[in-house]
Amino acid sequence: RECERVCVLVLGGNGCVGGAFVEEICKVAEQREKCKYKIVCVNRGSNDWKEDNVERHSNTFAHIQPIQLNRKKIKQSEGLRTVLAKSERRWVVVDFSGYKKRWVADAIEVLVEEEREIALYVYISTDSVYEVCEKGKARYTQEHSDVRPTSERRKRKLSRRDSYGMAKWRCERTLKRLAKKNRFPFVILRLADVIGPRDRTDRFLACQLSAAACGHLGVPLLVPLSAAQIPFRVVFSVDVAALVTKLVTSMHGESTPWLNE
C-alpha cells in the first residue's frame, strides 16, 4: 500500500547542516519506493547541496523544487503560496534559517493562511540560548535551564553578551506560542558548534592545518592555557542531518513520543 506523499518545506537547506539534511532526505526518498517525497527548499539562491550531489542523486533532485526567496519577505512570496496551495495539505517544516522571531512567525502564518496543516515543525536552534539565561547551580546545563533572569539589568547584560543566543531564544518562544495557538507539534534542537562539510567558518580547518604544520615541522602544537581551559563541544553536521531525517520520516506510520506538544 502506497503511503501519502511526504511534503517537506526546508527553510534554508544550503549551509553546513541544511545541505547535509537535503542530501540525507534525498537518499531516503531514493530508497523508499512506496513513499513519494516533495521537497521544497526556500533560500536566497545558493544551491551548494545540488552542485555537490547532483550526480549521485540526480533522480531525486529532479523532484526538489527550489524557491529563491529572502526569508524576510516570505509572506509576500506568491511562488511559495502557489506551491503550497497545489500540494498536499500536511507539511513538515525544517527551519535552518530562522534567526529573527518575525521570520519564524511569518513562515507559520503563511502555512496557516494557505490552510496547510503543520504535521511537525523542526527548529534548528543553538546551545547559546543558555548564555542569555540563568544557569543556576547545576554542574551541567539542562534543557529546562533556559529561564531568563527576573532582573531587567541582568537581562540586558546577558543579551549584550550573546546577541545570537538571544535572537534564537526569542525564536524558540515564538515557535512555542504559535504551536500552542495553532495546535501543531514541534521539536527544537539546541546544537553545539557544528563542524562538517560546507563549514564556511574555517575554524576546524585552521586547527587541522596548524596540527599538520606542526607535525611536518616536528614542533609541538602550542595552545594558550586560557583556551585550553574553555569547555568546548561540537556536533557533526552529518549526524544532525541523520537525526532530523529520522524525525521527518517518522511522522509517517510510526509513533512519535518525543514530540513537544
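User: Before we turn to the helix pairs, how is the handedness of a crossing defined, and which hand does the crossing of helix 1 and helix 10 have?

Analyst: A crossing is left-handed if the near helix is turned anticlockwise from the far one by less than a right angle, and right-handed if clockwise. In this predicted model, the crossing of helix 1 and helix 10 is right-handed. The contact draws on C16, V17, A20, F21, E24, I25 and V28 of helix 1, and on the helix 10 side it is made by S237, V238, V240, A241, A242, V244, T245, V248 and T249.

User: At what angle do the axes of helix 1 and helix 10 cross, and how is that orientation described?

Analyst: The axes of helix 1 (residues 16–31) and helix 10 (residues 237–249) cross at roughly 50° and come within 8 Å. Angles under 35 degrees count as roughly parallel, and helix 1 and helix 10 are therefore oblique to each other.

User: Why might residues spaced along a helix point the same way?

Analyst: An α-helix has 3.6 residues a turn, so residues three or four places apart point the same way. For helix 7, the buried residues are G165, M166, A167, K168, W169, C171, E172, T174, L175, L178 and A179. These buried residues pack against helix 5 (101–113), strand 5 (117–126), helix 6 (152–161) and strand 6 (186–191).

User: What span should helix 7 have, and what follows it?

Analyst: The general idea is to set the expected span beside the modelled one. At 1.5 Å a residue, the 20 residues of helix 7 (residues 163–182) should span 28 Å, and its end C-alpha atoms are 29 Å apart, which agrees. Just after helix 7, R183 takes a positive phi of about 60°. Helix 8 (residues 203–217), with 15 residues, reaches 21 Å from its first C-alpha to its last, close to the 21 Å expected, and just after helix 8 a positive phi of about 75° is taken by G218.

User: How many helices and strands does the chain have, and what share of its residues is buried?

Analyst: The secondary structure comes to 10 helices and 8 strands, and 46% of the 261 residues count as buried. Among contacts between residues at least 6 apart in sequence, 78% join residues at least 24 apart.

Methods: Residues numbered from 1 in each chain as written. Predicted model: local features only at pLDDT ≥ 70, side-chain atom pairs only at ≥ 80, totals over all residues. Heavy atoms only, no water. Helix = DSSP H or I, 4+ residues; strand = E, 2+ residues; numbered from the N terminus. Expected span 1.5 Å × (residues − 1). Buried < 20%, exposed > 50% of the residue type's maximum accessible area, 1.4 Å probe, protein only. Contact = heavy atoms within 4.5 Å. Axes fitted to C-alpha atoms, helices over the stretch in contact; angles between N-to-C directions. Parallel < 35°, antiparallel > 145°, perpendicular 65-115°, else oblique.
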